[in-house]
Amino acid sequence: MPDGYDATYAQWRQDPEGYWLRAASGIDWSTPPGRAFDPAQGVYGRWFPEARLNICHNAIDRHVAAGRGDQPALIWDSPLSGTQSRLTYAALLDRTARLAGAMAARGVGVGDRVVIYMPMVPEAAIAMLACARLGAVHSVVFGGFAAAELAARITDAEPKLVLSASCGIEPGRVVKYKPLLDAALALSPHHPAGCLVLQRETWRCALQPGRDEDMAEAMDAAAPHPCVDVAATDPLYILYTSGTTGKPKGILRDCGGYAVALHHSMSLLYGLRAGDVSWTASDVGWVVGHSYIVYGPLLAGCTSVIYEGKPVGTPDAGAFWRVCAEHGVKVLFTAPTALRAIKKEDPEGKLLAGYDLSKLEALFLAGERCDPDTALWAERLLQRPVVDHWWQTETGWCITGNFRGAGLFPMRAGSGGKPAPGYVVEALDEAGRPVAPGQIGSLAIRLPLPPACLPGLYKAEARFREAYLEAYPGHYNTGDAGMVDADGYVWVMSRTDDIINVAGHRLSTGAMEEVLAAHPDVAECAVVGVKDSLKGQAPLGLVVLKAGVDKPEAVLAKELVALVRERIGPVAAFKEARVVARLPKTRSGKILRATLRKLADGEDFVVPPTIDDPVILEEIGAVLQEAHPLA
């Protein structure tokens, strides 16, 4: 790898084919790629079109064959169940091969779909890897999703088998998965051949004769199954995201490009090598969990932490620092919302003092834009690089970031960094023309997309073209708004529909959130555009206060209005802020701004299936109904 980001990125721009073929040399192939890319295949081209491999072999078998079978592959840390365990690469190989054997004995083969509906337990990762071992296509549904949402995904994917668990555990409650699965199967017109269920001691469920089987018993009785050779362009998984039409979008991921890009990113982006401990504090149900709890770390021969807990409350706001200290975590990757939760409960970082973080080298953030105040707070607290990087379910790995393997360039709080090799990011106006550096536009990526990015949507090519490719010909439309500055840093401000029009001025709600978050009393915030009879739209700020703050709401609101006026200007027309106890979020930590906007405007809305706690919407609705403008 050339020395420095600029040299690395330039090397890719000068010879994309050669760059990705060199990256592909880090993967074991049964048929090595003769060329990196074929522009004639698929919607915009396909990566490693003639090559063949098995990604499970690359994630497990080859490390055992290299003599590293005794190294921990997975560390399971579950404060919610009071359990910790370690699984070596050799043990992971045995359990994965046996689950693959059990699935194969029940008719699962290459191209068959398997739905996985499980909590944060090692068996969730084993289930994914067992599917990959067989050449089957897994579709992980976030554990605890409502029955109707699970049914919609079963209906679309048409799985041959469902792998589930009896329950998940949340603070103060047990989430019984099996009744949700039973209800989903009753709702779906598709009926899988069977279900393998992991019985957890926290709550054991009844099994339906003729359909359900105990997963552990099936594995114990099965013969280990070898890896099955598949094409690099064959699908590895379908990951559903909520669609604007109400029908979930099935993001497809292929095997070869994903293996190459993830393996390459572990060293280039995160600076991790075989044997290092990596902890991505996410969930296997999200793309971050797919890429950097399961596949990325194991492809690189790292040890990956699977955490069944929360950033606060299990038992306190020092939980993340405990996990890092106990397991020797080298790189922690989490969502900004987790940091804000920790900051709210422990703003001075006093709980950090009890833990030895000498092995922690960097903190990475993604999932939603990190406000500069939170990033700078974490940097001061940890005295480590804090890297905010931007990516999407569709891309599978980062679009922009900062690259430890090439030597970090100076970071700018609020920016997601610079484009990774493979991406050309442009801010475009409504006509598809690049805007001037520093001006807000729609962020788009010049085609072709690099390896690991989606080749399409499952059974929905027309929808893929419409959703991502038609708005700006020759580009992939990210749906995010932001800017590229004169030095090449990319600033993601908000989703495109979070750009509000105030009296003809296009303003980013993300820029206003940045200002509100900088107030010393604010733990986290959201700004949405609400209808205004005079200006078209007006910004409304909702803020959550730090623990211990006791200030009259009207006083705080005046301070926030003055702050926005000072830093953005009167053009922002920011005149109202409300204090709320908490903000509505998805289970992955994204604030549900579109729902907030509809709630504030009095419009009808559907409670998003990904919401963490629907009661929050009722709480905020009550606050918004109080007729007291605060400024």
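Reader: What makes Tyr5 and Tyr9 count as buried or exposed?

Author: In this predicted model, both Tyr5 and Tyr9 are buried. The word applies to residues with under 20% relative accessible area.

Reader: Why is the pair of Tyr5 and Tyr9 called stacked?

Author: The ring centres of Tyr5 and Tyr9 lie 5.7 Å apart, with 25 degrees between the planes.

Reader: Why is the pair of Trp29 and Phe48 called tilted?

Author: The ring centres of Trp29 and Phe48 are 5.7 Å apart and the planes stand at 50 degrees. Under 30 degrees would be stacked and over 60 edge-to-face, so the pair is tilted. Trp29 sits in the loop between helix 2 and strand 1, and Phe48 in the loop between strand 2 and strand 3, 19 residues apart.

Reader: How do you know that Trp29 is buried?

Author: The relative accessible area of Trp29 is 15%. The cut-off is under 20%, so Trp29 is buried. Phe48 has 0%, so Phe48 is buried by that rule too.

Reader: What makes Lys418 count as lying over the face of Phe409?

Author: Lys418 is at 4.9 Å from the ring centre of Phe409. The limit is within 6 Å, together with an angle within 35 degrees of the ring normal. Arg68 lies over the face of Tyr89 at 5.9 Å from the ring centre, so the distance is again within 6 Å.

Methods. Residues are numbered from 1 along each chain as its sequence is written. This is a predicted model: local features need pLDDT of at least 70, side-chain atom pairs count only at pLDDT 80 or more; totals for chains, interfaces and linings use all residues. Side-chain values use heavy atoms; hydrogens and water are left out. Rings of Phe, Tyr and Trp (its six-membered ring) pair if their centres lie within 6.5 Å; planes under 30 degrees apart count as stacked, over 60 as edge-to-face and the rest as tilted. Buried means under 20% relative accessible area, exposed over 50%, partly exposed in between (1.4 Å probe, protein chains only). Helices (H or I, at least four residues) and strands (E, at least two) are DSSP runs, numbered from the N terminus.
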